[in-house]
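Welcome! Take a look at the structure below, and then we will go through a loop and a pair of helices together.

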Amino acid sequence: MQFEEVFALFGMYPEREEVVMAFRRYDSDKDDLLKYADLVKMFGPRDHRYCEVLTARKSFNEGRCYMRARCFLPETMQDFQRLLLLVLNTEVRINNMKKSLTERKNFDMTKAFVACGGSADGLSRIKPESLSKFLISHNFVASDRQVGWLFERMDRYANGEIDNADFKHGLSPFKLTY
């Protein structure tokens with residue numbers, strides 16, 4: 001089933017740009033298919049322990065014969081619709097902020113990488129501690145959890161460091177091609 005068809009089941013018709021950006025963000029193996037693990041990452045809680053509890057929980061409807069469109073209570077459908085819209089809108093807003101940032105004449109990606117704790121030659125990488133120090137020096141106090149979320153978003157290889165390529169990829173706006 002296509003992603004757009006799933007949205008139609010929920011009575012939602014997002015812009016193509018929103019769907020493409022959500023796929024770009026959450027399709028972990030870049031095969032244009034969202035797997036269960038991708039959906040959990042998209043909609044599940046950030047706290048891994050709470051996410052494990054939710055995914056281990058048995059379905060109330062297990063063993064019952066329901067049509068796909070009627071397996072949720074109306075309140076659950078409304079909550080899920082709001083969550084879907086929030087995810088899609090967030091990706092669009094982030095991309096718009098990236099566009100605005102990169103269009104500034106005085107913005108230099110290499111200088112930004114160095115300011116966050118990397119080195120201009122690319123040998124030194126940004127670590128969570130250096131990113132946290134950078135944020136504090138600019139009057140933004142982020143919790144360890146929030147810094148972890150930034151790292152999760154930008155550290156493409158999940159090695160605990162953001163290299164120059166990760167940084168550029170993370171701050172470059174997505175260009176939609178038709």
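Predicted model: local features only at pLDDT ≥ 70, side-chain atom pairs only at ≥ 80, totals over all residues.

Residues are numbered from 1 along each chain as its sequence is written, and side-chain values use heavy atoms, with hydrogens and water left out.

**The loop between H2 and H3**

- Lys30 sits in the loop that links helix H2 (16–26) to helix H3 (36–43); helices are DSSP runs of H or I with at least four residues, numbered from the N terminus.
- Although Lys30 is not a glycine, its phi is positive, at about 55°.
- Lys30 counts as exposed because its relative accessibility is 56%; exposed means over 50% relative accessible area, with a 1.4 Å probe and protein chains only.
- Asp32 is also in the loop between H2 and H3, and has a positive phi of about 65° without being a glycine.
- With 63% relative accessibility, Asp32 counts as exposed.

**Helices H5 and H9**

- The axes of helix H5 (residues 74–103) and helix H9 (residues 164–171) come within 9 Å and cross at roughly 110°; axes are lines fitted to C-alpha atoms over the stretch in contact, and angles run from 0 to 180 degrees between N-to-C directions.
- H5 and H9 are therefore roughly perpendicular, a label for angles of 65 to 115 degrees.
- Lys98, Leu101 and Thr102 of H5 meet His169, Gly170 and Leu171 of H9, where contact means heavy atoms within 4.5 Å.

How values were computed: Helix = DSSP H or I, 4+ residues; strand = E, 2+ residues; numbered from the N terminus. Buried < 20%, exposed > 50% of the residue type's maximum accessible area, 1.4 Å probe, protein only. Parallel < 35°, antiparallel > 145°, perpendicular 65-115°, else oblique.
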